[in-house]
Amino acid sequence: MARILIDGYNLGLEKGTGVATYARNLSYEIGNLGHHVDVVYGNRASLTRDALLQEIYFFDSSEDERLKLLEIIEQVQQAIQGPFTFRAKKVPISGRVITRTFQSRLPHYDTLYNASDLFTRAQSAFKLWKRPSQVRMPEKPDLAHWTYPIPLRVKKRPNIYTLHDVVPLRLPYTTLDHKRRYLRLLEQLDKTAAHFVTVSENSKRDLVDLVGISPDRITNTYQSVSIPAKYRNKPEDQVAREVEGLTGFDYKGYFLFWGSLEPKKNIGRLIEAYLSAKVDTPLVIVGAQAWKAEQELKLLGQTDTVYASLERRRGARKRVIQLPYAPFPLLVSLIRGARAAMFPSLYEGFGLPALEAMLLGTPVICSNTSSLPEVAGDAALMVDPYDASAITQAIRALDADADLRNDYSARGTERAKLFSPEIYRDRLKEVYDRHL
């Protein structure tokens, strides 16, 4: 049994991300391989020697009782010293703090560690010194697997990094990343990393072509799709009640999109295409505004105005609703209750939401670009994401044809089997066996 460290970089986010889902799944598969799982977080927990307070602050990192001036002085001193070593401390999990609220967000772990502001300070140090920093663990892992390109490493141990995509380089206008710094980080990691993992052949090609990483230093493990049976097999009548209560729409009576509302998700064209389709089936969008979302949501804002008078004349319900967030159990019900899921993304490193919909038997409309064709195969209705009229035609086709929906539903559930946790685990094991 090896001791493997992963990071909690995205796991600490309140509403999670696709990378957080990746990290959680990774933690469970490492455990299923029989390894000891360490997770290091970078919460802003106050410095204290009291074990109970350490546990309390870990789960309430917004409650930072240190003087802000002292914190700023500490950060400046560390930055001036150059790339430095962060010391992580074990989080004493005693059970005295009730943590069920975090159950769906916590990874599988054997030991939790925390280094205050670890990821923020590592980024600041890289900005100044252009080299990754080190993190020192009380018990040194046999291997560190970073789930994101983070300027951190464990000294004298193999460090593996998952690079999901290179969106800041391929679609620079869709992100807020500092492009020069992002490219420099990838080039620096290429000098020190033992290996890289990615999640599709498309992403691997981009890493080779744009960053110059040798293809033999990158392994595509894909991702796994897994949803707990208690949500996947919930009785249909219960699912219907949940979605009708939340949205006001009938079971199998709405289209669904979920994810961050950011430019690469192509929400603007999705809404434009939906309105042009003039179907009676409403559209539900689940996701909070992220970066550069204002332009994408312009039509959504206009929808309330445009349809206000029309709805009064028709006596119809609101056709487009946006929910900023849905807890995972409720999101699964929303997916199951949808007539079809729509993901006309401009670019995806993998496209896990599309695969989740397939696993749950919901027909999918998705892009014919980036990684989605290799993930979805012939199990989704594919469209050119830059062509609003093509998206419109796909919406009309699935809305009108129950047989077509049933066909894609059946194909999707079969396709999802190719991305089972067992297959993913075998790919992961091959990578680890080469470096342990």
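Rings of Phe, Tyr and Trp (its six-membered ring) are said to pair if their centres lie within 6.5 Å, and planes under 30 degrees apart count as stacked, over 60 as edge-to-face and the rest as tilted. The structure shown is a predicted model, in which local features need pLDDT of at least 70 and side-chain atom pairs count only at pLDDT 80 or more, while totals for chains, interfaces and linings use all residues. Residues are numbered from 1 along each chain as its sequence is written, and side-chain values use heavy atoms, with hydrogens and water left out.

**View 1. The aromatic pair of Tyr9 and Phe119.** A search of the whole structure finds 10 aromatic pairs. Phe119 is buried, with a relative accessible area of 7%, whereas Tyr9, at 27% relative accessibility, counts as partly exposed; buried means under 20% relative accessible area, exposed over 50% and partly exposed in between (1.4 Å probe, protein chains only). Tyr9, Phe119 and Tyr148 form one aromatic cluster.

**View 2. The aromatic pair of Tyr231 and Phe328.** The ring centres of Tyr231 and Phe328 are 5.9 Å apart and their planes stand at 75°, so the pair is edge-to-face. Because Tyr231 lies in helix H8 (residues 229–232) and Phe328 in helix H12 (residues 328–336), the pair ties together parts that are 97 residues apart in sequence. Tyr231 counts as buried at 18% relative accessibility, while Phe328, at 29%, counts as partly exposed.

**View 3. Strand E2 and the strands that pair with it.** Six of the six residues of strand E2 (residues 36–41) are buried, so the strand is largely enclosed by the rest of the structure. His36, Asp38 and Val40 point one way from E2, and Val37, Val39 and Tyr41 point the other way. Two strands pair if DSSP finds at least two bridges between them. Strand E1 (residues 3–7) runs parallel to E2 and is joined to it by five bridges, with Leu5 standing opposite Asp38. E2 also pairs in the parallel sense with strand E5 (residues 111–114) over four bridges, where Tyr113 is the bridge partner of Val40.

How values were computed: Helices (H or I, at least four residues) and strands (E, at least two) are DSSP runs, numbered from the N terminus.
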